[in-house]
2 protein chains.
Amino acid sequence: MGNLLVVGSVALDTVKTPFGEVSEVLGGSATYFATAASYFTSVDLIAVVGEDFPDQHLRFLKSRGIDLTGLERRAGETFRWKGEYSHQLNEAHTLDTRLNVFETFRPKIPDQYRSPSMLFLGNIDPELQLDVLRQVRRPILVACDTMNFWIERKREALWRVLEQVDVLIINDGEARALGGHPNLTQVARETLARGPKHLVIKRGEYGVVLFNQKQTFAAPAFPLEQVQDPTGAGDTFAGGFMGYLAATGNLSEASIRQAVVFGSVMASFTVEAFSLDRLRALDYKEIEARFREFKRLTHFEDLS
Amino acid sequence: MGNLLVVGSVALDTVKTPFGEVSEVLGGSATYFATAASYFTSVDLIAVVGEDFPDQHLRFLKSRGIDLTGLERRAGETFRWKGEYSHQLNEAHTLDTRLNVFETFRPKIPDQYRSPSMLFLGNIDPELQLDVLRQVRRPILVACDTMNFWIERKREALWRVLEQVDVLIINDGEARALGGHPNLTQVARETLARGPKHLVIKRGEYGVVLFNQKQTFAAPAFPLEQVQDPTGAGDTFAGGFMGYLAATGNLSEASIRQAVVFGSVMASFTVEAFSLDRLRALDYKEIEARFREFKRLTHFEDLS
């Protein structure tokens, strides 16, 4: 059985929130995903960085046991993202995006990665997501993310991806854009009829809803007194979600619901600090403790 | 032991949503509250209507077993509210408010109502809420609602109310206005230190969070394919919540959590139709069935 494979971005982020600002810190969808998943399972990372990418970040990712064979290092600069959040921390305002070496990123899957147990296709061009799917043996679970940019510009290619994925993980704005109307339950019904078996809709501070053909599962976000920086919360969620599923290999409804909670737990840690700083300092016991707190947060007695 | 007593508004609403419009239909905070609560317990209603208020509405409220001795009928016109919702159904845009007889409403509690088991102070001037509190023997539970208008203009009187209530039930915008900052967990900690034992924050389509000194409980909104009209959802929630507590007399944490779910269940019915139309057609078995669905919606296995 192979590892959990992730394809996405590794970036240097400059972020300002009402609680502080950081410059050129470690970021990127694949970075958050892989780091979160590394608490549960072995992760192989496919991404590209420029020659300016600091070695300390590579050392950190390796220290988490993440396999970087597929991390291409290329002439040019690393992907930069600059964003700002207002007091309503739910939405980032992008100030600057410099794709740099990420602009011509063509994921090449090294031979030893071609039979992953599970695959996460981060938010990249759907054509590239399709290309990755062609390069690998069908994993037992494929999940993907996308964004409004692709929903608007590459809708057809995106649907070809969705026909081949098991889990689509997107936020509520993206779900409404994909479905073309505001009611998420209707969007879910229509999306599930056309492709993925599971639709996970992330709603930021309001938590997550999981839809599949048979059931709906809703989990709140973990209430926090201190949210420093929401950057990477969604990718961290996906990393915790798939990391747990890859670790157990169990795809039952009960297991998938627990995976949603583990994803939520990991995301709740990420937002407590800038960049991946809280994830760096994390202990697996803290993850389990917060999972149990999550249970207490949501539990109520059924009718007798 | 007395009944559940509610003080608030009875109104005629004109409402437009993307799914239809209705004119001069039954509305008002006390109406939604009392009707929802009537599925669980006996309710006494204190409000005022004008001489134009249709008898059919009185007959409906009586048919629900609601005691209308305290419903004053006065010369003049009934409170009118006119509002509109866009596709983002979470927020109403008020087009017109005519307080009419409600403007000079001074709640007078009939003698036989002066020892209620529980009391709900709907969204009225905090000075009037204080006046109601002076007229009754201390019930085993007092809950209240308020709105930004009073938070801004009558903050001091409102805090005097809050020092005497057990449960404050408000929406997230009101909680932020009351606490003066965006983080609801911080707002909750500070609010609970000054008055109410429980703070229930309603978040519309995102559900409800209950904070008290010891615990936090989060419940999602019940996912619906068809939301016709969100008017009255918050008051219906409060009615289901207090109706259940009044019926059982049990104020344990477990019971209060179940009350939050019953409130959410009742609100989920209200929004399925305009005015109180869905509540009119409701059967207690449907309420229990949806409670059980709610359990399935939120349940996950704890770590072993």
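Author: Two strands pair if DSSP finds at least two bridges between them. Helices (H or I, at least four residues) and strands (E, at least two) are DSSP runs, numbered from the N terminus. This is a predicted model, in which local features need pLDDT of at least 70, side-chain atom pairs count only at pLDDT 80 or more, and totals for chains, interfaces and linings use all residues. Residues are numbered from 1 along each chain as its sequence is written, while chains are lettered from A and ligands numbered from 1 in the order in which they are written.

Reader: How many bridges join strand β2 of chain B to β6(B)?

Author: Strand β2 covers residues 11-17 of chain B, and β6(B) covers residues 80-85.

Reader: Which residue in β7(B) is the bridge partner of B:Gly83?

Author: Strand β7 of chain B, residues 92-98, runs antiparallel to β6(B), with six bridges joining them. A hairpin of six residues links β6(B) to β7(B). The bridge partner of B:Gly83 there is B:Thr94.

Reader: Which residues form the covered face of β6(B)?

Author: In a regular strand the side chains alternate between the two faces of the sheet. In β6(B), the uncovered face has B:Arg80, B:Lys82 and B:Glu84. The covered face is B:Trp81, B:Gly83 and B:Tyr85.

Reader: What is the radius of gyration of chain A?

Author: The radius of gyration is taken over C-alpha atoms, and the globule rule is 2.2 Å times the number of residues to the power 0.38. For 304 residues, a compact globule would have a value near 19 Å, and chain A agrees with this. The value for chain A is 18 Å.

Reader: What percentage of the residues in chain A is buried?

Author: A residue is buried if 20 or more other C-beta atoms lie within 10 Å of its own, exposed if 12 or fewer, and partly exposed in between, with C-beta atoms placed from the backbone. Chain A has eleven helices and 13 strands. Of its 304 residues, the buried share is 51%.

Reader: By what turn can chain B be laid on chain A?

Author: Copies are superposed by least squares on the C-alpha atoms of residues with pLDDT (the predictor's confidence in each residue, from 0 to 100) of at least 70 in both. The RMSD is 0.0 Å, with a shift of 0.0 Å along the axis, and the turn is 180°. The two copies are therefore related as by a two-fold rotation axis, the turn being 180°.
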